[in-house]
Amino acid sequence: MAATHTDKAFEQDLRNLREKLLAMGAKVEALVAQSVRALTDRDSALAEKVVGADREVNRLEVDIDDLCRRILALRQPAASDLRLITTALKIVTDLERIGDLAVNIAERAMDLNQVPPLAPYVDTPKLADLAQQQVKKALDAFVSGDAAKAEEVLKGDDLLDALFLKIFNELLAYMMEDSRNIRRATALMFIAKHLERVGDHALNVAEMVIYMVRGKDVRHPKSRELPE
Amino acid sequence: MPPTPATPRNKMESRDLTLRYGSKVAIKQVSLAIPEHKVTALIGPSGCGKSTFLRSLNRMNDLIAGANHEGTVFLDGRSIHDRTLDVVDLRRRVGMVFQKSNPFPKSIFENVAYGLRVGGLKDKAKLAARVEKSLRGAALWDEVKDRLDESALGLSGGQQQRLCIARALAVEPEVLLMDEPASALDPIATAKIEELIHELKATYTIAIVTHNMQQAARVSDRTAFFYMGELVECGPTERIFTNPQEKRTEDYVTGKFG
């Protein structure tokens, strides 16, 4: 995007929007990392911090929505500008949900930190890393307008799903082994599910980035083949 | 540029049309189809050649000294530069509405009847019927039916513009060329003209030049972007405003000028 808008105020609005989205993305990415660290380090104070930080994420969501509405009303954006605004309006919801999931993970961590660990946490931090990388990659793709990078996110989702399934089966085994494991195993299963959902939201962001860059909607290819 | 799809039928089409005013090239090798019963918007900055192109569709440029062309424009598959073609008949079939409404200093009725009288229609009942039909077609009848004998100059700007559209419709054209038809009108009069354009395309084929990109987006089915005499890109309006293929189009519709 070498050319800039003749209207400098418009240019500034769009820059603000990108920066706010990026700030929000970085924020929720950090919250996911912290929520899982609160579990692995048995750090309930950190978990509390994550729960408290959600308000900031919510505020950013409202700010970004406001900014988008203002740009739509006042600037009547077209072409890539229009695609940026519609993308922003959608991914802001995904980012906010990622923040919510980090809060849910932190709440489970606080519970789990009250009792001895079921087993050493090995795969859960791995899953968290994968999910976090997916979020980061999707945001990088957004910032640099890199559709190829967004496509990597689409491909990367299978890895997350596979690891989630592995964790799920392991936890199931623990539960079958001893019913006293059920409470902890269920909490861990929720955490794994939340991380898998974080990955899904990263995927949604990546799909919107591809639309933003190429103007082509890649969502739900199978559903579109169905007759009306 | 991909060729325009075969359906719907192309009412008009230019092929490699170049037009010069003296030695100055106004449009360069423009090949553009105007599909039947569709609204085609021509957009681009001042001096890009869009109005010149519009005027070349009914040979209005012939009236400008020093204007000369290469290439051809077809109407229903027949060249409008054909020696045997009657230019007066061409301009009846391809009517025009200008930026500034230009009613004659005559009554409302006579403004609309003018072209018909010139064409030799004398029968009063037939004249009255055609005038009513044209005024209805231009969505003006209900506002003026009780004062057809009053001067057209007493109408509001928006009404005058619709009167000019009625005058163009009276001679039963097939194509309507509109050069900035609403640029001097307030938003209400503009909305009426735009609504009228939607209605008219069922009967006519329309090409419209506008500087107002939102207007092009609102009224047209296809949009053609001109820049420095060239046709840069033409496609479905929705695509031009959401996902143009050419960088110059993208820059223009997003407001990145120069």
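Here are my entries, starting with the ground rules.

**Ground rules.** I'm working on a predicted model, where local features need pLDDT of at least 70, side-chain atom pairs count only at pLDDT 80 or more, and totals for chains, interfaces and linings use all residues. Residues are numbered from 1 along each chain as its sequence is written, while chains are lettered from A and ligands numbered from 1 in the order in which they are written.

**Four-stranded sheet.** I looked up the strand order β2-β1-β4-β5 in chain B and found an open sheet of 4 strands with antiparallel pairing. My strands are DSSP runs of E, at least two residues long, my helices are runs of H or I, at least four, and both are numbered from the N terminus. Pairing takes at least two DSSP bridges between two strands. The edges are β2 (24-35) and β5 (78-79) of chain B, each pairing on one side only. I then checked β1 (residues 10-21) of chain B against β2(B): 8 bridges join them, antiparallel. B:Glu13 sits opposite B:Ala33 in β2(B).

**Six-stranded sheet.** Chain B also has an open sheet of 6 strands, which I noted as β6-β7-β8-β3-β9-β10 with mixed pairing. β6 (94-97) and β10 (230-236) of chain B are at the edges with a single partner strand each, so one side of each has no neighbour in the sheet. From one strand to the next the twist averages 20°. Inside, β3 (residues 39-43) and β9 (residues 222-227) of chain B run parallel and are joined by 4 bridges. There I found B:Leu42 opposite B:Ala224 in β9(B).

**Helices.** α6 (residues 157-170) of chain B lies across β6 and β7 (175-179) of chain B, at about 170° to β6(B). My angles run from 0 to 180 degrees between N-to-C directions, with axes fitted to C-alpha atoms, for helices over the stretch in contact. Contact is C-beta atoms, placed from the backbone, within 7 Å. Next I took α3 (residues 108-118) of chain B with α6(B): their axes come within 7 Å and cross at roughly 30°. The two are therefore roughly parallel, a label for angles under 35 degrees. Residues making this contact include B:Ile108 and B:Tyr114 of α3(B) and B:Leu163 and B:Arg167 of α6(B).

**Chain contact.** I count 14 residues from chain A and 13 residues from chain B. On the chain A side, the largest share, 5 residues, comes from helix α3 (residues 79-112) of chain A.

Key. Contact = placed C-beta atoms within 7 Å. Parallel < 35°, antiparallel > 145°, perpendicular 65-115°, else oblique.
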